[in-house]
Amino acid sequence: MSFEEWELNVQVENPVDFISLAHHGCELIDIYHAQDLDEYRI
Amino acid sequence: MNLVRHFWVKAQVYDRKAAQMEMDEKILIDPSLQGKTREEMGLEPFRCTKIRSSIMGISVFISKVAISWVTRRASEGKFVSGLDYSKTSPWNNIVNKTMFNNTRKGKYSELSMRNKMLLKIRNENLLPKGGGGDQPSLDHRVFLHFFTTKQKSNVPKYILRHMIKILRESQTIQRSWIPYGRLILEILHQGGILNALKEVNFFIDAQLGTVTGKIINGSTLKHMKLIKKEDYKVLNTDLKEPTVVSNLIYGFPPICKQDPLKVRERYMMDHFERTGQTIKITDIPENMYGGALPIA
């Protein structure tokens with residue numbers, strides 16, 4: 001790689017607020033539950 | 001996030017192809033090894049695809065088992081790969097039915113709110129792309145199909161495959177973007193690398209990427225113009241940012257006897273000038289910690 005290490009941008013995380021989504025009519029918790037991702041929502 | 005950067009710049013994909021190249025190199029050096037097993041060549045058996053790297057001499061690797069560990073769910077479920085943008089695959093009809101309730105591929109505007117949101121989460125959270133178009137490959141549309149239809153998919157394996165894809169892009173098209181920062185850091189943390197670094201007294205907290213937030217106090221109110229400048233007063237009881245030296249650097253030194261003599265001398269002099277403390281030759285370890293970590 002020709003760029004320097006400090007030039008690398010790290011995407012830490014992109015949290016999803018499932019409660020807010022559900023409140024606004026977009027329920028996705030059941031989908032994550034089906035994938036066993038309840039505890040760790042990346 | 002410095003550790004994540006250290007990990008990424010040295011990362012290499014270790015898959016069946018890389019394992020075969022390892023064997024080929026051995027045979028090139030010693031042709032009598034032709035036809036021998038990996039074990040007979042003195043190589044570790046190939047168990048699974050992983051990303052190998054090292055941080056300050058400590059071997060680290062990420063496999064689907066490691067991802068499974070930190071995501072707290074088993075590496076099991078459906079996994080479909082290698083479809084690319086195939087227009088003849090039977091999966092096209094299946095995913096179109098799921099996403100558009102039709103056998104033909106519809107437009108983004110025809111997606112339901114739930115599917116639009118799932119697509120966004122796929123792009124930014126589950127299999128982050130770091131920008132670019134929103135058109136998912138057939139592989140990824142199948143992944144979304146599993147989510148929408150609540151069929152358990154092998155999420156850890158999908159994440160590893162995606163991480164490998166982005167890593168290869170970093171190395172081939174020089175993409176300076178690292179996905180899954182938190183996930184990688186969690187693997188390093190749970191794998192014990194932070195403890196290992198502590199053992200060799202190598203890092204200070206800042207180098208570990210630990211960031212302490214600025215204390216919010218009366219000064220903050222002043223800066224935010226919520227109180228008048230003249231109303232702000234420094235109190236004896238004000239919390240102060242910690243100035244104690246991290247126990248990670250207790251005992252020093254971050255050098256070993258393998259370092260050139262001049263480097264050791266320079267470091268010891270510099271340390272004495274800064275702290276007034278002398279580092280004894282006997283305090284310098286023979287080698288830096290170099291053991292493998294039980295990450296996966």
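Mentor: Gladly! Let us settle one term before counting: a salt bridge here is a side-chain nitrogen of Lys or Arg within 4 Å of a carboxyl oxygen of Asp or Glu. By that rule, there are three salt bridges between chain B and chain A. One of these joins the side chains of Asp36(A) and Lys152(B), with 2.7 Å from N to O. Keep in mind that the model is predicted. Polar contacts come next: nine residue pairs make them across the interface, with both residues at pLDDT 80 or more.

Now look at the chain B side. The elements that each give two or more residues to it are helices H1 (2-9), H3 (64-71), H5 (113-126), H6 (138-148), H7 (155-172) and H8 (181-190), along with strand E4 (177-178). Of these, H5(B) gives the most, with eight residues. Sorted by kind, the residues on this side are 20 nonpolar, 12 polar and 10 charged.

Finally, step back to the whole interface. In total, 42 residues of chain B are in contact with 31 residues of chain A. The area buried between the two chains is about 3,400 Å², and carbon and sulfur atoms give 60% of that area.

Terms used: Residues numbered from 1 in each chain as written. Chains lettered and ligands numbered in written order. Predicted model: local features only at pLDDT ≥ 70, side-chain atom pairs only at ≥ 80, totals over all residues. Heavy atoms only, no water. Contact = heavy atoms within 4.5 Å. Buried area = accessible area lost by both parts, 1.4 Å probe. Polar contact = N/O pair within 3.5 Å; in protein donor to acceptor, adjacent residues only side chain to side chain. Helix = DSSP H or I, 4+ residues; strand = E, 2+ residues; numbered from the N terminus. Nonpolar A, V, L, I, M, F, W, Y, C, P; charged D, E, K, R; others polar.
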